[in-house]
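Hello,

Here is the structure I promised to pass on. My notes follow below it, and I hope they are handy when you open the file.

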Amino acid sequence: MAYPVAAQAGKLLRALVLRPRFLVAGSQAVQLTSRRWLNLQEYQSKKLMSDNGVRVQRFFVADTANEALEAAKRLNAKEIVLKAQILAGGRGKGVFNSGLKGGVHLTKDPNVVGQLAKQMIGYNLATKQTPKEGVKVNKVMVAEALDISRETYLAILMDRSCNGPVLVGSPQGGVDIEEVAASNPELIFKEQIDIFEGIKDSQAQRMAENLGFVGPLKSQAADQITKLYNLFLKIDATQVEVNPFGETPEGQVVCFDAKINFDDNAEFRQKDIFAMDDKSENEPIENEAAKYDLKYIGLDGNIACFVNGAGLAMATCDIIFLNGGKPANFLDLGGGVKEAQVYQAFKLLTADPKVEAILVNIFGGIVNCAIIANGITKACRELELKVPLVVRLEGTFMEKKSYMHIRQETGNSNGNITGIQENVTHQNLSKCAISIFLS
Ligand code: GDP
Ligand code: MN
């Protein structure tokens, strides 16, 4: 997935929310994992699904190997599937730092469930979608395994280019859907849905057929698709992804996996769902940032980016890359930021030992430059800033005064940043930023 960043900010934004996240600049790519947005584990998503008539397997959740063993016995199933619960996909092909291969295991013996869970819980699972070191597994799902005769792919997402929800499906599921999209684009089917009219039966039937369901399975799949769509709307999801959306030899359509993403703007009316937010995979610094309503995503470079608006944040990351530097993070102040948040943001940045320089790139609109300048000077006064700070303020209240103020207080706002062009000034920085937006 290669996105020229700023030019397709909308697409990337959507990608940031929906999928494994990649920022690409030149030949460099940084993977951003979803942090700030509400994330639910598979077992939580499946609970929502089963409460709404969508067919999932019977399951229990366990925090310890013993509980997993007990759950496996209690299930009393012919075969059991044990699944590590992390937010990233690709678990089936993942590897644990305990040495265990595979985050999804099938077995007929409950004792084996206990042994496997011991090598999962408390260890890191690395998959194609996680950072290299993987993500710690705190819970496992112990479910009744079903035979799968066919694996298809189904997702419902909000798609900007369709101005609304779209069903995306492929008869070739189970595998990496990006690969199918690249090698066999004709096997990806889309069905645009009018959000006011809702899903039509003909649309659900057509998708079921395109997914290869035949006979009585076709109407069963259509019914599941309709229920999934209704759930998608009801819970204010931005994405519901089921891969595999499978069929069993006994003639049942089952959602074997589940990934749901949510619209944060709906938090006020989805209190029960947001209360389930699983922050255990976040970095502490990211949770701290969220407390002050700042969007923070940690990256592995050394230049802190202090920016407002995701588009400008991406452009700024690009500028840094294009000039041979590496961003240490992606900190978006957002609109309506207050001086106290600016201060908190600086506090977070300066507490990060990776940060060797801070680049402030603010376009003052709703957030005016004076607020930022005041926040920065307060932070510089109180936090003993030890790293070079480069500031570009543009827009509302961009008076020389703002700069003077910062310069006086910090004495180093013209400092150079190692790794980017020498003598970065706000003038040439803004030129860089603007040329990206124009190109
Ligand atoms: P992911 O790798 O993180 O996407 O995890 P999934 O839940 O999709 O599981 C990975 C793969 O394990 C699926 O594509 C299936 O092939 C297989 N799998 C999962 N659950 C079952 C099950 O109940 N029965 C069988 N036979 N296979 C399963
Ligand atoms: Mn899957």
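Helices (H or I, at least four residues) and strands (E, at least two) are DSSP runs, numbered from the N terminus. With that in hand, K386 sits in the loop between helix 12 and strand 20 (389-395). This is a predicted model, in which local features need pLDDT of at least 70, side-chain atom pairs count only at pLDDT 80 or more, and totals for chains, interfaces and linings use all residues. Residues are numbered from 1 along each chain as its sequence is written, chains are lettered from A and ligands numbered from 1 in the order in which they are written, and side-chain values use heavy atoms, with hydrogens and water left out.

K386 has a relative accessibility of 72% and counts as exposed (buried means under 20% relative accessible area, exposed over 50%, partly exposed in between, with a 1.4 Å probe and protein chains only).

Now to ligand 1. Its shell holds 18 residues, and the closest are Q57, K83, R91, L146 and E151 (a residue is near a molecule if one of its heavy atoms lies within 4 Å of it). By type, the shell divides into 8 nonpolar, 6 polar and 4 charged residues; here Ala, Val, Leu, Ile, Met, Phe, Trp, Tyr, Cys and Pro count as nonpolar, Asp, Glu, Lys and Arg as charged, and the others, Gly among them, as polar. Strand 4 (80-84), strand 6 (104-107) and strand 13 (237-247) each supply at least two residues of this shell.

Some polar contacts are worth a look (pairs of N or O atoms within 3.5 Å; within protein, one must be able to donate a hydrogen and the other to accept it, and residues adjacent in sequence count only if both atoms are side-chain atoms). A backbone N or O atom of G90 is 3.2 Å from an oxygen atom of ligand 1, and for a backbone N or O atom of G92 the distance to a ligand oxygen is 2.8 Å. From the side chain of E151, an N or O atom lies 2.4 Å from an oxygen atom of ligand 1.

Which residues hold the manganese ion, ligand 2? The protein donors are N243 (O) and D257 (OD), lying 2.2 Å from the ion (donors are N, O and S atoms within 2.8 Å of the metal, or 3.2 Å for Na, K and Ca; water is not among the atoms, so sites may look incomplete). N243 lies in strand 13 and D257 in the loop between strand 14 (253-255) and strand 15 (259-262), so the pair ties together parts that are 14 residues apart in sequence. N243 is buried, at 16% relative accessible area, and a cis peptide bond with omega of about 10° joins it to P244, which is also found in strand 13.

N76, in the loop between helix 3 (65-75) and strand 4, has a positive phi near 50° without being a glycine; N76 is exposed at 66% relative accessibility. D236 is not a glycine either, and its phi is about 55°. D236 lies in the loop between helix 7 (216-234) and strand 13 but is buried, with a relative accessible area of 13%.

Best wishes
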